[in-house]
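Subject: Structure handover

Hello,

I am passing on the structure we talked about, and my notes follow below it. Please have a look at it first and then read on.

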Amino acid sequence: MFSWDDVPGNNTELIKFLKDDLKIEWAENAEIKKSDNDRIITLVNKNKKNSITLNLNKKENNVTLEIADGKTYKYLLKEENSKLNIYSEYIKNKSKEGNITVLDPSCGSGIFLVKFFERLVKERESELGEGKSLDIYKKSDLLKKSIHGIDTDPNALRIAAFSLYLKIFDRVNPEILKKVLEKCEEKKEHFMFPGLKEHNLIQGNSLFDEDIFKGKKFDLILGNPPWDYDFSENERRLIDRKWPDVSDYQSSQCFLFKIDDWMNENSIVGMVVNLSNFTNQNAECFRKLLLEKYSIKKFLNLINIKKITFKDGSESACVLIFNKDHDIEENDIKFIVPDMTHFSELTREIVVKDDDIAKVRQSGLSEETWHLSILGLNKYLKLIERIESDVYLFSLTPEYKQYLQCSDVDDELKNEFKESKCFLSNEAKLSRIDEKKWNIVDFNREYKIKDVGVQLNIYEKRIALERYSETFEQGATFYSMEKHGYLFGWDDIPENNGDLLKFLKENILVDWIKNPEIKKSNDENAVTITELENSIILKRKLTEKKVIITYNRETSNFILKMVKGTFNVYNPDYNNIAKKKYEGIKKEDNNYFPKIQSLGGLKPYLCPQLEGYIKYGPHLEKARKFNIFLDNKLVINRGWPIKSFSVSDTIIFSSSFYIFKPDKKFPSDYIHLFKAILNSKLAYFYLRSKYLQRLKGNHTKVNLVDLKKFPIPYLKDEKIIKEIINFVSKIKEENDIEKYQSQIDELVFDLYELDYYERQQIKDYYKIYKQKRQNNNLVSTDDMNEYINEFIDSFNLFIEKGYFLNAKFYICNFLGSLVKFEFSKEKKETEPEYSKLKRLISIILHEKISDIKNVLKEEEMRIYDNNVLYLYKSNHIKDWTRTKALDDVKREFGLIYKNLPD
């Protein structure tokens with residue numbers, strides 16, 4: 001609205017705000033002064049009868065405006081570019097005044113509107129003073145002025161109207177109510193305004209009925225629009241025209257764009273929508289337009305708290321709070337991903353902790369940061385970038401720029417690479433990216449040269465997994481329904497009945513058909529076949545996509561499918577028909593090959609048991625080039641988590657597998673190296689954090705495009721590579737994955753040159769989500785011991801010789817967990833104490849943690865008492881990992897450093 005720092009030098013914006021928003025006309029000629037160290041602005045009119053005072057409160061980030069008549073308003077204070085700027089709390093002020101308008105564009109039975117009206121009445125009554133309440137007439141006026149809704153269902157609107165009317169009776173004195181009802185009976189007055197349904201609650205289609213509340217703007221728009229509405233063909237055409245960026249005709253996306261018609265400059269929108277809008281890769285254009293169109297204030301992911309908000313089995317939901325595009329460049333989105341606590345389960349209150357919140361600048365939000373932010377994984381962004389990042393090799397003096405001019409790499413440059421033990425072949429090619437960057441491609445390796453002024457830095461670029469492959473694609477898919485299940489064309493009847501009659505004789509075993517009479521009903525949904533006293537009836541069920549055939553009092557169901565504009569009928573057992581024809585338990589001839597099809601019992605590294613033989617050929621729906629199945633190849637399942645193994649001369653007969661065939665120019669045993677990388681904790685972390693679309697429920701498949709881009713480091717250390725290949729061989733020989741997986745993980749970390757903290761982040765990530773898959777989030781004694789050992793080991797570097805840091809911990813499955821760290825001259829073993837709820841609370845109270853509410857909410861607390869530190873957190877494993885211990889030690893030393901004397 002205006003800048004505090006501009007006043008009193010430049011009062012234009014302040015005066016405009018007072019005149020436009022508060023209708024204070026005399027402000028234009030007022031005397032304006034600042035006082036109390038620039039913390040107060042005073043406006044007084046010429047005759048000294050009217051005045052306004054604005055009080056600045058930096059601590060609470062607000063400004064209070066008080067008018068001489070006693071009215072007060074609060075406004076937001078933000079420090080931006082070293083200036084104190086004032087923003088309107090428009091909605092709050094209008095709500096207090098009773099002038100707010102709210103719309104639910106898909107109100108249903110009105111639960112949002114009823115709850116808002118209930119809150120609005122309370123706010124108006126709080127302005128009247130303690131003990132005072134609104135009478136029936138004022139509530140009725142408030143309802144008429146404020147509440148609006150739209151829905152297609154007239155019955156739902158009747159319920160909404162009735163529920164809103166009932167709220168007018170809340171806390172009404174029975175004697176007053178009796179008098180009102182008597183007047184109603186006498187038809188002298190009606191406490192409710194007539195026609196609520198026709199004026200405020202409108203029956204219609206919010207998306208396509210253009211006349212509903214046309215030209216009207218609302219202060220607040222809220223609701224839970226339908227998520228998977230099945231639009232008609234005509235409606236789909238309208239969506240294509242009006243909102244071309246909507247993906248897959250998602251109805252909730254349409255609503256998010258439609259509500260712009262009812263928004264004013266200060267409107268706030270709060271919408272509950274399906275989370276898939278922000279995880280589905282098809283919705284990238286939708287997300288891009290949403291960021292361009294609105295300033296998003298908060299994004300609340302409800303995935304972990306379905307028990308409170310929705311049923312566990314329902315699709316995951318999220319809440320968006322946003323307004324019009326107001327300075328997106330400076331707007332920070334607050335992403336909130338709360339977890340379920342015992343307090344939440346008991347009280348059904350959502351508990352949001354500091355760790356559950358991440359602020360992300362809207363203008364810098366990319367597809368990748370969208371994904372990480374909505375799933376609460378922002379803290380891993382640097383680690384992901386580290387795995388993908390180019391590796392620094394060596395530097396050259398700026399004089400070497402003269403050798404970066406031609407497409408062939410100069411000998412001088414080759415010599416420098418050789419000196420640094422990085423060899424370039426005669427096939428290496430140089431290309432210029434821009435004035436300060438160059439690229440060198442040498443077979444499967446790529447190098448980047450960057451001019452940083454004082455020197456030229458040489459980097460090895462991460463290489464995509466695809467670069468090591470001869471072919472990389474999906475396995476052969478299942479038998480085609482069109483090829484192996486076609487019976488007859490429904491639309492061919494009655495003109496062409498050849499396929500129909502053949503089907504009836506061979507499949508239904510009708511032996512009497514010679515010259516039948518075949519008729520189709522006017523609506524084309526039934527076919528009757530009669531000959532003498534015999535008859536058969538075929539019925540088409542469009543909604544169920546099937547054809548039902550009734551013969552001799554028995555019914556059979558068949559698949560109905562539209563292909564190229566015509567309806568065809570298919571045998572539902574087409575897959576088994578094809579199996580009998582092309583599969584067997586033995587090799588029939590040279591066209592039969594061993595096959596793998598099932599995902600059941602799949603393990604990393606180990607090839608599953610072969611499942612018989614299959615004839616390979618064009619009878620398969622997508623019969624890949626045959627050579628992809630020959631020789632050694634890496635097979636990767638599409639499910640989650642991914643597992644890879646290798647086979648030779650075997651048909652992968654399933655679209656649930658990807659086939660990676662190594663390029664012959666690389667060593668043949670590299671296949672075992674890639675197998676180890678993809679089965680490692682690093683790959684689990686990278687693919688899951690960057691590409692997984694849902695953290696719970698049925699996980700989405702791993703995308704082939706994403707898998708091809710998996711970053712492989714510079715494979716220069718032959719010793720590490722040989723060790724990895726050796727361990728993979730031992731797994732195959734001994735059939736024991738657990739025995740060698742930890743060694744393989746450490747070697748893979750070495751390949752990617754990760755430091756200790758980065759390695760620990762990946763291990764903890766794997767540990768947390770492995771337990772989540774087992775529906776176990778609680779910390780164990782072993783977890784606490786690991787946390788404490790890491791904390792003490794890190795802290796020991798700074799402890800005076802002769803002193804020790806000892807620990808005792810308490811775990812309560814009902815509440816949180818507590819660790820007590822204490823300095824001593826005696827080294828003691830870490831002690832667990834298995835305590836009940838009463839014991840834990842008594843310890844917390846005794847140790848000066850006084851806020852029981854925070855204890856119940858499992859808020860993180862740090863209490864210092866002489867040489868003792870108490871850490872209280874939730875009892876979730878994510879708060880007690882080795883990485884958390886390192887973070888906590890870092891924070892402790894940050895506080896110590898901050899409090900050191902100058």
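**Pockets, a cavity and some surface spots**

Sorted by class, the lining of the second largest pocket has 12 nonpolar, eight polar and 21 charged residues. Here Ala, Val, Leu, Ile, Met, Phe, Trp, Tyr, Cys and Pro count as nonpolar, Asp, Glu, Lys and Arg as charged, and the others, Gly among them, as polar.

A word on the basis: this is a predicted model, in which local features need pLDDT of at least 70 and side-chain atom pairs count only at pLDDT 80 or more, while totals for chains, interfaces and linings use all residues. Residues are numbered from 1 along each chain as its sequence is written, and side-chain values use heavy atoms, with hydrogens and water left out.

Back to that pocket: the second largest pocket holds about 1,200 Å³ of space. Of its 41 lining residues, D355, G376, K379, K884 and D887 are the closest to its centre. Two or more lining residues come from each of β16, α14 (381-388), α24 (756-773) and α28 (882-898), and α24 gives the largest share, seven residues. (Helices, H or I of at least four residues, and strands, E of at least two, are DSSP runs numbered from the N terminus.)

There is also one cavity of 30 Å³ or more, with about 50 Å³ of space in the largest cavity. Its lining is made up of D339, I768, K772, N777, H876, I877 and K878; by class, that is two nonpolar, two polar and three charged residues. On a 1 Å grid over the protein atoms alone, a cavity is a set of points where a 1.4 Å probe fits but cannot get out, and a pocket is an open set with protein on both sides within 12 Å along at least five of seven lines; lining residues have an atom within 4 Å of a point. Grid points are joined across faces, edges and corners, and a volume is the space filled by probe spheres set on the points.

What about cover? Helix α19 (residues 670-678) is mostly covered, with eight of its nine residues buried, among them Y670, F674 and L678. Buried means under 20% relative accessible area, exposed over 50% and partly exposed in between (1.4 Å probe, protein chains only).

I357, in strand β16 (residues 357-361), is partly exposed at a relative accessible area of 32%. Y392, in strand β17 (residues 391-396), is partly exposed too, at 45% relative accessibility. Y392 and N457 are 65 residues apart in sequence and 7.3 Å apart in space, C-alpha to C-alpha.

Best wishes
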